[in-house]
Amino acid sequence: MSSINYSEKIPNNVNLSEDRTLQRALEQWQPNYLQWWQDMGPEGSTDYDVYLRTAVSVDPEGWAQFGHVKMPDYRWGIFLNPAEAGRKIHFGDHKGEDAWQDVPGEYRANLRRIIVTQGDTEPASVEQQRHLGLTCPSQYDLRNLFQVNVEEGRHLWAMVYLLHKYFGRDGREEGEALLERRSGQQDNPRILQAFNEKTPDWLSFFMFTYFTDRDGKFQLCALAESSFDPLARTTKFMLTEEAHHMFVGESGVSRVIQRTCQVMNELKTDDPARLRAAGVIDLPTIQRYLNFHFSVTIDLFGADESSNAATFYSTGLKGRFEEGKRTDDHQLRGQHYKVLNVVNGQLVEKEVPMLNALNEVLRDDYITDSKGGVGRWNKVIEKAGIPFRLSTPHKAFHRNIGSLSGVKVSPDGRVVHDHEWNQHVESWLPTDEDRAFVASLMGRVVEPGQFANWIAPPMIGINRQPVNFDYIRFS
Ligand SMILES: [Fe+2]
Ligand SMILES: [Fe+2]
């Protein structure tokens, strides 16, 4: 197991010093990255000492160490999971051949596009979250936000390493462009729409890390199957870090719910107005946020029928979620899958070639996975003795990509006319008023062990530290 070389400017386990050209190229990119972090990273945080986890090895037991560091001094680096000797391609037209250690010329453009699209999401989320530190509900939460941010920065490093090492001059240009696009900017936006949305408050942040980082997990899992071995190895290590991001989201929403239920029981009411007056977020508002983040995120999987998806799979660039655990032929020719269409105002299932439906296959796997946490949130409500239940909306609800875009579907899956949509949309999606109310709760709480009124403290701290640990030392 190669450990990480910290004596170098760029920590790495890829023997970077043996490839002088690559090392020089990345060392030239490094100050631009740091400049981007200064400009677009967490606002006003440069002098804080933050209790962060830093990757120090790719050994599953003890790959990270914890300590207080200033974020600009975080050791962003390049870590790949160890190579698997004799790894074979296990799906698509090249099934059974040796995995590629270099990029085959004929797949160069598609692989580059896949890597750039993944890479673009990483700095985008840091940009989306950059003001949140100013309104953190606690030091513990602030630390978690910063942890997510530095690791998204490292994920950008992971993709830029691949671009520099395997794509020559084009790759270096893409590496620069990744630092130039900006989330939400009109003339040079991030590539995918969900990464141009605002993350204006902490409820949005927790929903984002639960739902949208989970999209990241599914994309990374699909890329971890890739025949291009360096991509598979780097995404496997990224997944190790990603788990914490989804934990931040799931536990964050769970703590918001817990606090709301507590106040509901204290006041013996489910009246949103009274709960809002008491400074907590009513459950219907949480449901509307959930509806928004779920629907925006499932759009990220792309069109339900896609010849690109078929090409990426057949050529071995991108597999399915848990490809290795599936028992079919891993080539899928002649197989079918059901996607949803609208015919005469009704949602109807339509069988299409499985290869063309692989975006939908990944989306459906994602939906199953994301329902798990919603079930756990409902347990919190149930335990409090409250009859309300949260649910994920129907997958046709509020879609902007694929054959379901342009149809109005209710959260329970009925195609509705414009007038019905307009009548109910305020109970289905967050309104300006909801967002303004949530924003009004966002004050900054940073005394150790103190929490904003609208969220319960966590059960345990980070890395077995107490909840009131000094996770951040402000200077
Ligand atoms: Fe990431
Ligand atoms: Fe993430």
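Colleague: What share of the contacts in the protein with a separation of 6 or more comes from residues 24 or more positions apart?

Modeller: Two residues are in contact if their C-beta atoms, placed from the backbone, lie within 7 Å, and in the protein 69% of the contacts with a separation of 6 or more join residues 24 or more positions apart. This is a predicted model, in which local features need pLDDT of at least 70 and side-chain atom pairs count only at pLDDT 80 or more, while totals for chains, interfaces and linings use all residues. Residues are numbered from 1 along each chain as its sequence is written, and chains are lettered from A and ligands numbered from 1 in the order in which they are written.

Colleague: How many helices and strands are there in the protein?

Modeller: Helices (H or I, at least four residues) and strands (E, at least two) are DSSP runs, numbered from the N terminus, and the protein has twelve helices and five strands.

Colleague: What does the radius of gyration say about the protein?

Modeller: Taken over C-alpha atoms, the radius is set against a globule rule of 2.2 Å times the number of residues to the power 0.38; a compact globule of 475 residues would come near 23 Å, and the protein, with 23 Å, agrees. Along the principal axes, the C-alpha atoms fill a box of roughly 65 × 65 × 40 Å.

Colleague: How do helix H3 and helix H6 cross?

Modeller: Two packed helices are described by the angle between their axes and the distance between the axes. Here the axes are lines fitted to C-alpha atoms over the stretch in contact, with angles from 0 to 180 degrees between N-to-C directions. The axes of H3 (residues 139-166) and H6 (residues 229-267) come within 10 Å and cross at roughly 170°, which makes H3 roughly antiparallel to H6 (angles over 145 degrees count as such). Among the residues that meet are Asn-144, Glu-151 and His-155 in H3, and Leu-231, Met-238 and His-245 in H6.

Colleague: Is Lys-88 buried or exposed?

Modeller: A residue is buried if 20 or more other C-beta atoms, placed from the backbone, lie within 10 Å of its own, exposed if 12 or fewer, and partly exposed in between. Lys-88 is exposed, because 12 other C-beta atoms lie within 10 Å, and its place is in the loop between strand S2 (64-70) and helix H2 (108-128). Not counting residues up to four places away in sequence, Lys-88 touches Gly-96, Glu-97, Asp-98 and Ala-99.

Colleague: Where is Ser-440?

Modeller: Ser-440 lies in helix H12 (residues 432-441) and is exposed, with 11 other C-beta atoms within 10 Å. In the protein overall, buried residues make up 45% of the 475 residues.

How values were computed. Parallel < 35°, antiparallel > 145°, perpendicular 65-115°, else oblique.
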